[in-house]
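Colleague: Please take me through this model. I want to know what stands behind each term.

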Amino acid sequence: MFKALAEPFRQPFPEIELQNGAGGGRKPKAKAKNAAGTIRRIWGYLARRKAKLILVLLMVVASSGLSLLGPYMIGMAVDHYLTGTSGHWGLFLTGLGLVYVMYALTSWLQNIWMIEISQETIYRMRTGLFAHLHKLPISFYGKRQQGEVMSRVTNDIENVSSTLNSSAIEIFSSVLTLVGTLVVMLYLSPVLTLLTFLVVPLMIAGMRWITRRTGPLYKQRQNNLGELNGYIEETLSGQRIIKAFSQEPRVIRGFEERNEAIRRSGFWAQTISGFIPKLMNSLNNLSFAVVAGIGGILAVRGAVTVGIIIVFVEYARQFTRPLNDLANQWNTMLSAIAGAERVFEVLDEDVEAKDEGAAVKLDHVDGNVQFSRVSFGYEENGDTLSDISFEAKPGEMVALVGPTGAGKTTLIQLLSRFYDPSSGTITIDGRDITTIQRESLRSHMAFVLQDSFLFQGTIRENIRFGRLDATDEEVEEASRLANAHAFIMRMDGGYDKILQTGGGGISQGQKQLLAIARAILADPAILVLDEATSSIDTITEIKIQEGLQRLMHGRTSFVIAHRLNTIRQADKILVLREGRLIEDGPHDELMARQGFYSRLYQGRLEQEDS
Ligand code: ADP
């Protein structure tokens, strides 16, 4: 890399076409699809601060005007001096000073007011986006990569923010200044105006030449950056696997490739746009020479005054600034629009279907669960579950068994309404669950999954997640019942020990004990357990079993079972195979039937399932 930096011009010019092969299709779209629509929507956010926006625009108009007035006054003063008609130098200087002070003041005001507006706008956009993300159905997350969604909340919003802060105003004020300069120049001397603007076509051509090359490069850089973000997220969250398979060198190489792509596109984008000021400067000097030279001749002939030439020289110097700004801000603005579009794309995703108007809140649930002819498929790839019917009576323990991919998890997801069946009905205590408010339904259920999620926070907070208004005593009581109390007390800090996200630092078995405590605290009528397949030491295993027994007592429980012991205890076993319920009943009955279950049970259950 350092070698490459030392020889920058040997670098291959990056191909504009993205070499995105390794990215696995998660390249962010950098190109705005509907710029006008997006701008209208951004305006929708801005419009709430209309009064302040009008003030900002007034300030922009004022500062643009004042920036024209200064040179004009100087020119006129010189003329008055030369013709000997001016006797009010003090007055003139005070006036000039006032103009520059006012210019500074109006620029400053437009700046801080715009920052206030844009920060508030972005604040609202960000809050809206985050809240929306939490209303989206699980299926949204099933389709997307986490890092990519995150980059919309962070990078893309930031992009919009910086543009609103500066670019929008700068572009507006540039256009105003350009038009204003032109008008005053034409009024003073059409001939000199023509001469000054002789270089403009050259400038525009040069600028277009440059931005046409830098535009795609900036876009490419943005894509490369998105890809790198996705890669970082993926490799950091997959650390354990990467280490376990000693893939660090390969991962680092993958990173280097992506990093190199960013460096290359960044290098060329910046190198080429670095020419803009140089080019402007040279053309500016050219224009200066022309105006000064030909203006001098004209002045000698008396066609124009010296003052006017001074005004022109000053204006000629001044009007390249807005041109420059326009060129610089244009790309930023385009990428911000693309960013806003990515944000709106998420905002347009349908939220989890609203509870029906008549949906009720259940205060009490006995726990009778019934599936009647339930079918369901993820998207179009056929039915994952077909025609499932069964009943679980209050307090019963139902074991779900079957090979991997049979549909056990899917069945549970339907019960908790992460997805709704495509046909058939699921009832709880005889009530169709689609007529129960989601929140209420889920409040009567608790989950103990193989890998229960732990948040960054104390052990106490993590358990209390089961029921937020639980007292410290209740948290401890639940932990005792779950057999978690003893190990918690052995830890540094006990209940106040801080856990890391995902529960780094405590064992798999301990995580399960915490999840059981959390579920006991929640005290739900219906329970969902996903038995761990990973091996846990015998003592912890016994503790977990004990905790689970206490947890399941008196509740309707669905257990995705992997252990023969658990299965044998179940009141009812549902045997799933390729999305169909092929056998159901208690263990003895199923064994007597000598069907799929008895074959599974006789030794193959574990192998087929894990
Ligand atoms: P089990 O829990 O019995 O192992 P699952 O219910 O997880 O089985 O999966 C059943 C089938 O549905 C599998 O073929 C799986 O590939 C598919 N499936 C699971 N989740 C999704 C999803 N989010 N999108 C599409 N297909 C899925």
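Modeller: Start with the word helix. Helices are DSSP runs of H or I with at least four residues, strands are E runs of at least two, and both are numbered from the N terminus. This is a predicted model: local features need pLDDT of at least 70, side-chain atom pairs count only at pLDDT 80 or more, and totals for chains, interfaces and linings use all residues. Residues are numbered from 1 along each chain as its sequence is written, and side-chain values use heavy atoms, with hydrogens and water left out.

Colleague: Which helices each supply at least two residues of the nonpolar patch?

Modeller: They are α3 (50-82), α4 (89-133) and α12 (306-347). The patch covers about 750 Å² and is made by I74, Y81, L82, W89, L93, Y100, V306 and I310. Its area comes from the Shrake-Rupley method with a 1.4 Å probe, and for residues only the protein chains shown count as cover.

Colleague: What makes a patch?

Modeller: Its residues have over 30% relative accessible area and no salt bridge; nonpolar side chains (Val, Leu, Ile, Met, Phe, Trp, Tyr) are joined within 5 Å, like charges within 9 Å. Take I310, in helix α12.

Colleague: Why is K408 called buried?

Modeller: K408 sits in helix α13. Its relative accessible area is 8%, under the buried limit, so K408 is buried. The backbone oxygen of G402 lies 2.8 Å from a polar atom of the K408 side chain.

Colleague: What does the salt bridge of E116 and K52 tie together?

Modeller: The two side chains meet at 3.3 Å, N to O. E116 lies in helix α4 and K52 in helix α3, so the pair ties together parts that are 64 residues apart in sequence. E116 is partly exposed at 33%, whereas K52 is buried at 18%. R49, K52, E116, E120 and R124 are linked in a network of salt bridges. The structure holds 20 salt bridges. Side chains of opposite charge can pair when their charged atoms come close.

Colleague: Why is D469 called exposed?

Modeller: Its relative accessible area is 60%, over the exposed limit, so D469 is exposed. D469 forms a salt bridge with R467 (3.1 Å, N to O). R467, at 28%, is partly exposed.

Colleague: What makes a nonpolar core?

Modeller: It is a set of buried Ala, Val, Leu, Ile, Met, Phe, Trp, Tyr and Cys residues joined through side-chain atoms within 4.5 Å. The largest core here has 46 residues, and I463, L514, I516, L551, I573 and Y597 touch the most other members. Its largest share, eight residues, comes from helix α18 (residues 508-522). A second, separate core of 32 residues includes M185, L188, F197 and I276.

Colleague: Which residues is R460 in contact with?

Modeller: Contact means heavy atoms within 4.5 Å. Leaving aside neighbours within four places in sequence, R460 contacts D472, V475, Y495 and D496. R460 is in helix α15 (residues 459-464). At 15% relative accessibility, R460 is under the buried limit and so counts as buried.

Key. Salt bridge = Lys/Arg side-chain N within 4 Å of Asp/Glu carboxyl O. Buried < 20%, exposed > 50% of the residue type's maximum accessible area, 1.4 Å probe, protein only. Polar contact = N/O pair within 3.5 Å; in protein donor to acceptor, adjacent residues only side chain to side chain.
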